Amino acid sequence: MKKLQILLYTLLVWTASACVSEFNAQLPTSDVDLLVVEGNIVSDSVINFYFSKSFSLNEGTPPAGYDNIQVKLRIVGSDGFKSEYATYRNNGVHSLAIGKLNTDVAYGIEFEYNGDTYLSELSQPLHTPVIDSISWVQPEYRGDVSLRVSTHNEDPKASYFMWNYTEDWEITSFHGAYAFFDEKFNIYLDYSLPIFYCWRKNSSKDILVGSTEKLTENRIINHNLYKKTPNDDRFSVLYSVVVTQQAISKAGYEYYLDKAKGNVGMGGLFTPQPSKIEGNINCITDPDKKVIGHIEVAQNATSYRIFISAAQISSFYRESCEEIDKDSINTLLGQGLTYQDIYNMGLRPWIYSERDGVLESMASRTCLDCTARGTKNKPDFWPNNHQ
């Protein structure tokens, strides 16, 4: 058993800080504080459009208010269609319910900001084909797990695709906890293991695009989307991913390729030489004003979900677990600490003897409480009965 060192009476506070490798990004003055627009128009859906300002990485962290951008936005069509205005949420997010789009009409976004009017180039909705399959492969024992997509399109003109994904996965605590402190730090027992099963969630951040332009047929087979290491807690119990596909234009494909190159060069943040990335949004009241963004129009989007269980891959995930035994607990209590003090050190009750009324051992919260890393929000589609 790995024991905590009991050398000091003082309580230790651990502080986690994120590390970012230094990158000297001296952007031209003209490329700082540019308006950035993200989001695509998809028929019969609720879409979020994101507005922010470009900034230099020399600032270290995003400057205050960089995404505090509120605009007056709506969808417009070549036939004179004008939608209701989007609802502003917060942090630059504008939400808009988009009804059925007419495939013979070209659409775009129109918005007003700081006295100027902006308009994206109008385009007709593209049809998105179904995803043929989502698969995964682990070529080496305990090697990376790669997720792949296969798709095809009967329309030879539609040969460009964009993907995003949402992950859900089940985790457990390393040990099952059945002994707990109440508000007065008395022990009570609950054998239902209320904090043993939890779930985590994540969404894709990278730009994922593909094309069949240089292929002999309009078909993509086993295109690598992303990969994860097998020591990730995603693969500790059950993992699920749903991939969403959208057909995009050639111009959109080239825009996202340029943007992806910028992301790699800047450690994942989009700020390098923004004015060199050509989008399709223009300021119609002042053509000299630059805007970063490309709005695609789709008739639909398609999705595909798969599950991967821990038994299917060679994984080596193991939760870190600090533990102390009955003698160590008594030593701490003998030094004048209370159960509340020990609780504040990050330790929780683990093994309790009902017969003797003795707390036999304690362990770290991350070892006993799955909510230290996840939530009890079980997805509605989850296939097992864990609670």
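Cys198 is buried, and Cys370 is buried as well; here, buried means under 20% relative accessible area, exposed means over 50%, and partly exposed lies in between (1.4 Å probe, protein chains only). The structure is a predicted model, in which local features need pLDDT of at least 70 and side-chain atom pairs count only at pLDDT 80 or more, while totals for chains, interfaces and linings use all residues. Residues are numbered from 1 along each chain as its sequence is written, and side-chain values use heavy atoms, with hydrogens and water left out.

Cys198 and Cys370 are joined in a disulfide, with their sulfur atoms 1.9 Å apart; a disulfide is taken as a pair of cysteine sulfur atoms within 2.5 Å. Distant parts of the chain are linked by this pair, since Cys198 belongs to strand β14 (residues 197-203) and Cys370 to the segment after α4 (365-368), 172 residues apart. Helices (H or I, at least four residues) and strands (E, at least two) are DSSP runs, numbered from the N terminus. The torsion about the S-S bond of Cys198 and Cys370 is about 55°, so this disulfide is right-handed.

A second pairing is found between Cys321 and Cys367, whose sulfur atoms are 1.9 Å apart in a disulfide. This pair, too, links distant parts of the chain: Cys321 is in the loop between β21 (302-309) and β22 (323-325), and Cys367 is in helix α4, 46 residues apart. Both of these cysteines, Cys321 and Cys367, are buried. Their S-S torsion is about -60°, so the disulfide of Cys321 and Cys367 is left-handed. The count comes to two disulfides, and with bonded cysteines counted along the chain, the pattern is 1-4, 2-3.

Attention now turns to the aromatic rings. The structure holds 20 aromatic pairs. One of them is formed by Phe381 and Trp382, a tilted pair with 5.9 Å centre to centre and 55° between the planes. Rings of Phe, Tyr and Trp (its six-membered ring) pair if their centres lie within 6.5 Å, and planes under 30 degrees apart count as stacked, over 60 as edge-to-face and the rest as tilted. Phe381 is partly exposed, with a relative accessible area of 34%, whereas Trp382 is buried at 6%. Elsewhere, Phe181, Phe185, Tyr339 and Tyr343 form one aromatic cluster.

Tyr343 also has a charged neighbour: Arg348 lies over its face, at 3.6 Å from the ring centre. A charge sits over a ring if NZ of Lys or CZ of Arg is within 6 Å of the ring centre and within 35 degrees of the ring normal.
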